[in-house]
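Keep the picture beside you as you read.

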Amino acid sequence: MIEKPSLPDFDADDVVESAVVSRLAGNWNKRATVKKSEPDLDDLFDTSKHDYPEALIPFADHDVYRTLSDTTRAKLRAWGWIAFNKNVMDVEQHVVHPGFALLAQDAFDIGMGDVLAVAVTQAMVDEQYHTLMHLNASALTRRKRGWALSERCLPLSGTVRRRHATQASAVDSNDAALNSLAFMTVAEISITSYLNLIEDNELIQPVNRATVALHNRDEYCHASIADEMAAIVFESLNSGDRRVFLDGLADGMDAFSSTDFSTWSAILQQEGVVGGDCMLQEVETDGSRKQLVQDYGGIRSLCRKLDVEDEIGIDWS
Ligand SMILES: [Fe+2]
Ligand SMILES: [Fe+2]
């Protein structure tokens, strides 16, 4: 009788864990927004406040915008908030969730222990809840303002389109997975600066600020988890795979900080703003305009920790 080769015994002491992630996984029940009771958003809504900061509307200083009626400008600000929520939801569903899902399946074969698996799965639950929070916030804006403002008229987030393009051009599933992890890492470590754009502004609708503040609280923890997970995976990669991951980080940073006017173009068309396309073209070619704030300090720290700060081909200044 032929003896079957025996499999190596599972060694419970030889699994990858992390003290930081372990602490965060342990206090999830107390800290996660999904575990808390929902604030009464209807009560918080203040019709006198702006739905979105004019400072974030790329054409706010342009004459075409300035000469619109007060109602149309208010409607465009409400659209800005709807588009902000759609961007967050698109990134949650198409960038963050797939990246965490790969980690949860231990797709990079790091020998993940239970605590890491639990932390990553908790983060995936958080992200689904964030999508619901932003959907509720858009629904409330539509209901309170009495405007249709359907996000179905808007294109998929520019960052997500970039990720889809990189996934489609990846040479194999291994490279695609590394690229997916890199985009998720950039999203998770830099999203707080994007959310701060709304949270820190007193002129803005309290509901919108509360939504973003609650989301942001979870994201500070996710940034630590993503940072730890990226470092653990990176240490386990060969030099070719490390290069693919670093190129993905650079590509992700570029994607997240690129200005995408296709959403505003769709909004202006929807509202029938005369001269809207010319205004967008002028703003797009105006080199003096500031780029949307995107803080890559966290990614830089990660790269420093991995000792690749100068290898990634990014001008950090
Ligand atoms: Fe999130
Ligand atoms: Fe997150």
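## Helices that cross

Helix H11 and helix H12 cross in a right-handed way. Keep in mind that this is a predicted model. The residues that make the contact are Trp264, Ser265, Leu268 and Gln269 on the H11 side, and Gly276, Asp277 and Leu280 on the H12 side. Sorted by class, the contact of H11 with H12 has three nonpolar residues, three polar ones and one charged one.

How do H11 and H12 run relative to each other? Their packing angle is about 155°. Angles over 145 degrees count as roughly antiparallel, and H11 and H12 are therefore roughly antiparallel to each other.

A second pair to look for is H8, residues 173-199, and H10, residues 239-257. These two helices pack at an angle of about 45°, which makes H8 oblique to H10. The crossing of H8 and H10 is right-handed. On the H8 side, the contact is made by Asp175, Leu178, Asn179, Leu181, Ala182, Phe183, Thr185, Val186 and Ser190. H10 brings Asp241, Val244, Phe245, Gly248, Leu249, Gly252, Met253 and Phe256 to the contact. By class, the contact of H8 with H10 contains 10 nonpolar, five polar and two charged residues.

Here are the two pairs in a table.

| Helix pair | Angle | Distance between axes |
|---|---|---|
| H8 and H10 | about 45° | 8 Å |
| H11 and H12 | about 155° | 9 Å |

## The buried side of H11

Now return to H11, which spans residues 262-270. Which of its residues are buried? They are Thr263, Trp264, Ile267 and Leu268. These residues lie on the same side of H11, because they cover an arc of only 130° around the axis.

What covers the buried residues of H11? The cover includes helix H5 (70-104) and helix H12 (276-285). Two of the buried residues, Trp264 and Leu268, are also among those that make the contact with H12. Just after H11, you can find Gly272, which takes a positive phi of about 60°.

## A residue of H10

Next, find Ala250, which sits in helix H10. Is Ala250 buried or partly exposed? Ala250 counts as partly exposed, because it has 16 C-beta neighbours inside 10 Å. If you set aside its neighbours within four places in sequence, Ala250 is in contact with Ile312, Gly313 and Ile314. Ala250 and Asp90 are 160 residues apart in sequence, and their C-alpha atoms are 20 Å apart in space.

## Two aspartates in a loop

Finally, look at the loop between H5 and helix H6 (114-145), where you will find Asp106. Asp109 lies in the loop between H5 and H6 too. Most residues other than glycine have a negative phi. Asp106, however, has a positive phi near 50°, and the phi of Asp109 is also positive, near 55°.

How exposed are these two aspartates? Asp106 is partly exposed, because 15 other C-beta atoms lie within 10 Å. Asp109 has 9 other C-beta atoms within 10 Å, so it counts as exposed.

Notes. Residues are numbered from 1 along each chain as its sequence is written. Chains are lettered from A and ligands numbered from 1 in the order in which they are written. This is a predicted model: local features need pLDDT of at least 70, side-chain atom pairs count only at pLDDT 80 or more; totals for chains, interfaces and linings use all residues. Axes are lines fitted to C-alpha atoms, for helices over the stretch in contact, and angles run from 0 to 180 degrees between N-to-C directions. Helices (H or I, at least four residues) and strands (E, at least two) are DSSP runs, numbered from the N terminus. Angles under 35 degrees count as roughly parallel, over 145 as roughly antiparallel, 65 to 115 as roughly perpendicular and the rest as oblique. A crossing is left-handed if the near helix is turned anticlockwise from the far one by less than a right angle, and right-handed if clockwise. Two residues are in contact if their C-beta atoms, placed from the backbone, lie within 7 Å. Ala, Val, Leu, Ile, Met, Phe, Trp, Tyr, Cys and Pro count as nonpolar, Asp, Glu, Lys and Arg as charged, and the others, Gly among them, as polar. A residue is buried if 20 or more other C-beta atoms lie within 10 Å of its own, exposed if 12 or fewer, and partly exposed in between; C-beta atoms are placed from the backbone. The arc is that of the directions from the helix axis to the C-beta atoms.
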